[in-house]
Amino acid sequence: MVELKRKIQDLRSAEIAAETKKDIDLLIQLREERLLLELQLVRSVKKTDAKASFKPQKHHEIKAVSMEKIGLDYIPFIKGAYNVLAGSGGSGKSSIALKSMLLWLKCNPKKQGLAFFTEDGIEEIKTRCEIICRNSNLDISLIDRINFICLDNDDRIKWISSNKNGYQIREDYIYSIVEFCLENKVEYIILDPLKRFHRLSENSNDDMDVLVRDVFTKIAVDTKSVVLALHHSSKSEGGSRGASTIIDSARMAWYVGRYFRRDKDGKLTEVPEKKGKIKLEVIKDNMGIESLCKIRNLEDKSIINPLIGGGYSNAPIIYEFEEKAFIPEIL
């Protein structure tokens, strides 16, 4: 259906050009082609609205969903799937997600990213990106390949809500996101924070299952993208807030946190010997890729804060470039 709509749009553009040139014969031909395609589109929609039928297939008939491992040079995630990065406020989630995206863009020069940071202004995000690029020896022009929705241009649209008639998914809006990603070769999407995208109960497994399965996972599969949702952790460290399905439905989920301790007055302060380090612990590893995380310190399972710099080990780093892997020089 996406391809059909694209053809219709192309024909409309061609009609305008033909009308400008006053080429009546071509204009009539193009209009007839467009009307036929529009009729085909209407029939497709009606067919989709028809009663669903059960259609199992033989294994050789099923087109497998791509589950590519990416981020092996930093923090592994699964492409074509829904992933989670959980942590408390100020733990470094957004900076880690940004560095992950920037590293992926470096290795995939023909691709773009899409980042929803709806609690941060664009100047703050840009400054954060520039610091990460400088500290990680990344070209600052990588930022130009990220498309942003942030505090300054947030459209405030909730992707899914519920009422007495059931769940209401903004199918038109979801379709426009998928279409934008396909047209612009966007294959890495950050959603920060998860609560911004719905009007549901985060403590309800039924509600969250619809959000992560019918919205986040659908976008990931349709666009063949990494969909990385940033979510607040539970009060007990090492977990995710809300319904269990938020993590259970993810292919890969990590917990990040800073090293704090309470002083005599009960105030939280960063542990001096751990300053600049961020805990990185796996919550869910559906495809057994935790061991591919090359940069993590095995003693305390930590990484370096990307806003401070460093974070690489002396191990060979595996980069992914245009879906092919190679091993460069040791850093």
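## Cysteines, strands and a buried serine

With a disulfide taken as a pair of cysteine sulfur atoms within 2.5 Å, the count comes to 0 disulfides. This is a predicted model, in which local features need pLDDT of at least 70 and side-chain atom pairs count only at pLDDT 80 or more, while totals for chains, interfaces and linings use all residues. Residues are numbered from 1 along each chain as its sequence is written, and side-chain values use heavy atoms, with hydrogens and water left out.

Burial comes next: buried means under 20% relative accessible area, exposed over 50% and partly exposed in between, using a 1.4 Å probe and protein chains only.

| Residue | Relative accessible area |
|---|---|
| Ser91 | 1% |
| Cys181 | 2% |
| Cys150 | 3% |

Across the protein, buried residues make up 45% of the 331 residues.

Now for the secondary structure, which comes to 7 helices and 17 strands. Helices (H or I, at least four residues) and strands (E, at least two) are DSSP runs, numbered from the N terminus. Strand 10 (residues 226-232) is mostly covered, as 6 of its 7 residues are buried. Strands pair if DSSP finds at least two bridges between them. Strand 3 (residues 81-87) runs parallel to strand 10 and is joined to it by 7 bridges, with Leu85 partnering Leu230. Strand 8 (residues 186-192) also runs parallel to strand 10, through 4 bridges, and Ile189 stands opposite Val227 there.

Between strand 3 and helix 3 is a loop that holds Ser91. Its side chain reaches the backbone oxygen of Ser88 at 2.7 Å. Counting contact as heavy atoms within 4.5 Å, and setting aside neighbours within four places in sequence, Ser91 touches Val256, Gly257, Arg258 and Ile278. For the whole protein, residues 24 or more positions apart account for 70% of the contacts with a separation of 6 or more.

What span should helix 3 have? The expected span is 1.5 Å times one less than the number of residues, so the 15 residues of helix 3 (residues 93-107) should span 21 Å, and the end C-alpha atoms, 22 Å apart, agree with that. Helix 3 is mostly covered too, with 14 of its 15 residues buried.

Notes:
A polar contact is a pair of N or O atoms within 3.5 Å; within protein, one must be able to donate a hydrogen and the other to accept it, and residues adjacent in sequence count only if both atoms are side-chain atoms.
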